[in-house]
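Look at the model below with its open spaces in mind. Which parts of the chain line them?

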Amino acid sequence: MDQLSTRTLLSQLAEDLGWLEAHCRSQPDQAAQAGELRLAAALVRNCIGPFLDGQPPTPLHVAVVGGAGAGKSTVANLLSGVAIAEANPQAGFTRHPVAYTSANGTLAWPAHLGFLGSLQRLDQASPSSLDDDVYQVRRIPVDAGNFSLLPGFVVWDCPDMTTWASSGYVSRLLEVAGLADVIVYVASDERYNDEVPTQFLRLLLQAGKPVIACVVKMKEADAPALLSHFQNQVLGGLPPGTVACLPIPFLPPDQLTDYAGPVARYRIPLLNQVAVLGEPAAAARRRSTMAATS
Ligand SMILES: Nc1nc2c(ncn2[C@@H]2O[C@H](COP(=O)(O)OP(=O)(O)OP(=O)(O)O)[C@@H](O)[C@H]2O)c(=O)[nH]1
Ligand SMILES: [Mg+2]
C-alpha cells in the first residue's frame, strides 16, 4: 500500500474513533469508554501513523502524568535539569501540554496532518496555565548550567485528570499519552491511592505504555514503607508494565532547583530508567507502535 493510502486510511480510522468517542460522551454512563476511544485515536494519530509514515524514531517522547498538584511540573524540571516548568501550589495549574527539548536537539515532529489532533502549536511563549486546546515547545538553553535533557528525548509536562475542571482538558492529556514512548507517573504521598489517577494509570498500562512511577513528597524516612505500600496497594492491582518505582522525598525549596546538589540522588536514577527504555531509539519506537496496535 502506498504512503498516501496508508495516511488516508489512518485518518479515517482516527476520525471514526472520534465519532464513537463523541457518541459515548453523549451517554451518561460511558465516560470511561469515551476516554479509551480518545486514547485509541491518539495512538493512531501520533504513534502508529508517524511510524508507518517512516518518521525517524527520535525524539522519543516522555509524558509526565498524574493527579492535580502531585508534582508533575517539578518532576518535569528534574528530568530537564533546569527549573523551566511552572511548579505552582494551585492544584490544576498546568492546563495544556508543554514539551521540553534541548536547544540543539532534534525536533522532527511528524509532518503529516493530524499530529496531536485538535491541539494547535503555540508560536509564542505563554504560561502553562493557558486553558486552551494548544501545546507549546520550550527549548532548554544548553548553557543553562543544567545537566541537559537526555539527548534524543522530549519531556512533556501534562495537565492533570483529577480536578473538576479537568473534564474540559483531559483530552489534551490523552493526546500526549498516545504519543508517549515512556510514561512517568507521579503520585504524591497523600494521594497516591486515589481512584481517578489510578484508573488513568490502568488505561495507559492496558495500552502497553512502559511506566516509571515516582512516589513524591514523603519524608525521606517514610520512603521505603510508602513505596512498598504503593507497590502492593496500587501497582499490585494493575496490569504489568511498571518498569520502576522510584522515591523522590520532599526537598527544601532551595535544593529543588540545585540539580547538582542532593536532588541528584533522586534525579539520576530517574534519568537512568528513562535512558534504558530509550535504548536503542528505533527499538523503543517499534515497541511503542507494536503495543499501540495490539
Ligand atoms: N519544597 C518542595 N515543594 C515541592 C516538592 N514537590 C512539589 N512541590 C511543590 O508542590 C506544588 C505542586 O507541584 P507541581 O510540580 O506544580 O505539581 P503539578 O502536578 O504539576 O500540579 P498541576 O499542574 O497543578 O496539576 C508546587 O508548589 C511545588 O513547588 C518538593 O519536593 N519540595
Ligand atoms: Mg503542573
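**Pockets and their linings**

Helix 3 makes the biggest contribution to the lining of the largest pocket, giving six residues. This is a predicted model, in which local features need pLDDT of at least 70, side-chain atom pairs count only at pLDDT 80 or more, and totals for chains, interfaces and linings use all residues. Residues are numbered from 1 along each chain as its sequence is written, chains are lettered from A and ligands numbered from 1 in the order written, and side-chain values use heavy atoms, without hydrogens and water.

Start with the largest pocket. A pocket is an open set of points on a 1 Å grid over the protein atoms alone, where a 1.4 Å probe fits, with protein on both sides within 12 Å along at least five of seven lines; lining residues have an atom within 4 Å of a point. The volume of the largest pocket is about 620 Å³, counted as the space filled by probe spheres set on the points, which are joined across faces, edges and corners. Its lining has 34 residues, with G71, T74, A87, N88 and K217 nearest the centre. By class, 20 are nonpolar, 10 polar and four charged. Asp, Glu, Lys and Arg count as charged; Ala, Val, Leu, Ile, Met, Phe, Trp, Tyr, Cys and Pro as nonpolar; the others, Gly among them, as polar.

Now the second largest pocket. About 440 Å³ of space lies there. It is lined by 15 residues, and A31, A32, G35, F200 and L203 lie nearest its centre. Helix 2 (31-52), helix 4 (170-179) and helix 5 (195-206) each give two or more residues to this lining. Helix 5 gives the most, with seven. The lining holds eight nonpolar, three polar and four charged residues.

How values were computed. Helices (H or I, at least four residues) and strands (E, at least two) are DSSP runs, numbered from the N terminus.
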